[in-house]
Amino acid sequence: MRLSHPATDGTDGSTTGLGLGVALGGGGMKGWAHLGVISVLDRLGLRPSVIAGCSAGALIGAYYAYGYSMEEMRRFMREQRTSSLFALRLDGLGLLGTDGFRAYLQQHLGDCTFEDLKVPFYVITTDLETGREVVLSRGSLVDAVLASSAMPGIFAPVEIDGRLLIDGGLCNNVPVSALVNHGARYTVGVRLHRDVNSLDAPSLRKLPQARGDQPVSLAMWTERLARSIRRQNGHLPNGFEVMSRVMEIVVSQIERYRLQAYPPDVLIEPEVSHVNVLSFSEEKEDIFACGVQAAEAHEAVLRQIALRLGAVAAS
């Protein structure tokens with residue numbers, strides 16, 4: 001925990017007063033844990049002054065920045081059926097179409113732009129052509145969330161301002177850097193993926209481990225992954241399971257390096273390794289509870305931040 005650093009605006013080093021910044025990481029269906037974390041922050045009187053989100057974190061962050069209450073966001077969670085948001089597409093741009101997801105976002109966010117939001121909000125995406133991180137903070141909120149969630153090969157890229165944008169997790173899945181660069185005094189990061197060497201899920205056999213500190217390439221991981229993970233009946237997992245696990249491997253490695261460069265004051269890691277990124281199951285209440293439990297484990301530190309920011313923490 002770091003509670004002594006001044007915040008800067010990322011340009012001239014001057015201190016700012018944006019208070020608490022919250023970075024919500026990507027993770028597909030795991031993202032409902034963010035609501036559990038936010039519910040604890042709300043209970044402690046911690047209202048983020050700035051939010052940054054990636055993929056699933058961009059969706060939850062958008063709802064929060066728009067001004068929805070916790071009760072409303074939980075209602076959205078209960079009512080939304082994941083399987084109804086996506087459909088197979090045959091145009092070669094991606095395996096799943098996002099027309100249903102776009103309609104769902106427009107239902108709750110309408111034509112809202114970043115400029116309309118009640119809380120400053122930054123969405124992380126990746127430029128497909130250059131591979132560089134693109135931080136969105138202007139224009140259509142729906143387009144930004146769709147772009148940040150565009151997992152390569154699964155969803156089609158989203159064109160914004162002449163750039164083809166895809167999942168921000170390939171660059172910065174828990175975007176604490178965006179909070180620091182935009183003046184947050186204290187930062188909370190919510191990470192939904194576990195380190196590669198600790199990945200484990202009940203539905204998959206134990207993943208291959210690297211030896212010592214020897215790096216493992218993506219190609220090697222993919223090949224060994226396909227050989228080692230099996231369903232209980234002995235067959236290889238389906239393509240969605242393999243794709244989502246490979247994405248977890250890649251993203252978790254990138255997360256580790258980015259979090260070393262920009263460590264948050266509090267890093268909250270809900271135990272959601274049992275939830276597949278592309279799961280269409282409806283275990284959302286359990287995922288929500290995982291977020292609550294993970295945030296409550298840091299309650300003492302969060303209360304310190306609340307006191308330093310002058311928040312009135314609930315007993």
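**Helix packing exercises**

Helix 1 (residues 33-43) packs against helix 2 (residues 56-66) at an angle of about 40 degrees, their axes lying 10 Å apart. The model is predicted, so local features need pLDDT of at least 70 and side-chain atom pairs count only at pLDDT 80 or more, while totals for chains, interfaces and linings use all residues. Residues are numbered from 1 along each chain as its sequence is written, and side-chain values use heavy atoms, with hydrogens and water left out.

**Exercise 1.** Classify the orientation of helix 1 to helix 2 and describe their contact.

*Solution.*
1. Angles under 35 degrees count as roughly parallel, over 145 as roughly antiparallel, 65 to 115 as roughly perpendicular and the rest as oblique.
2. Helix 1 and helix 2 are therefore oblique to each other.
3. His34, Leu35, Ile38 and Asp42 of helix 1 make the contact (heavy atoms within 4.5 Å) with Ala56, Gly57, Ile60 and Tyr64 of helix 2.
4. These residues divide into five nonpolar, two polar and one charged.

**Exercise 2.** Classify the orientation of helix 2 to helix 5 and list the residues that meet.

*Solution.*
1. The axes of helix 2 and helix 5 (residues 141-148) cross at roughly 155 degrees and come within 8 Å.
2. Helix 2 is therefore roughly antiparallel to helix 5.
3. From helix 2, Ala58, Leu59 and Ala62 meet Leu141, Val145 and Ser148 of helix 5.
4. The division here is five nonpolar, one polar and no charged.

**Exercise 3.** State the average pLDDT of the protein.

*Solution.* The average pLDDT (the predictor's confidence in each residue, from 0 to 100) is 80, and 71% of the residues score at least 70.

Key
Axes fitted to C-alpha atoms, helices over the stretch in contact; angles between N-to-C directions. Helix = DSSP H or I, 4+ residues; strand = E, 2+ residues; numbered from the N terminus. Nonpolar A, V, L, I, M, F, W, Y, C, P; charged D, E, K, R; others polar.
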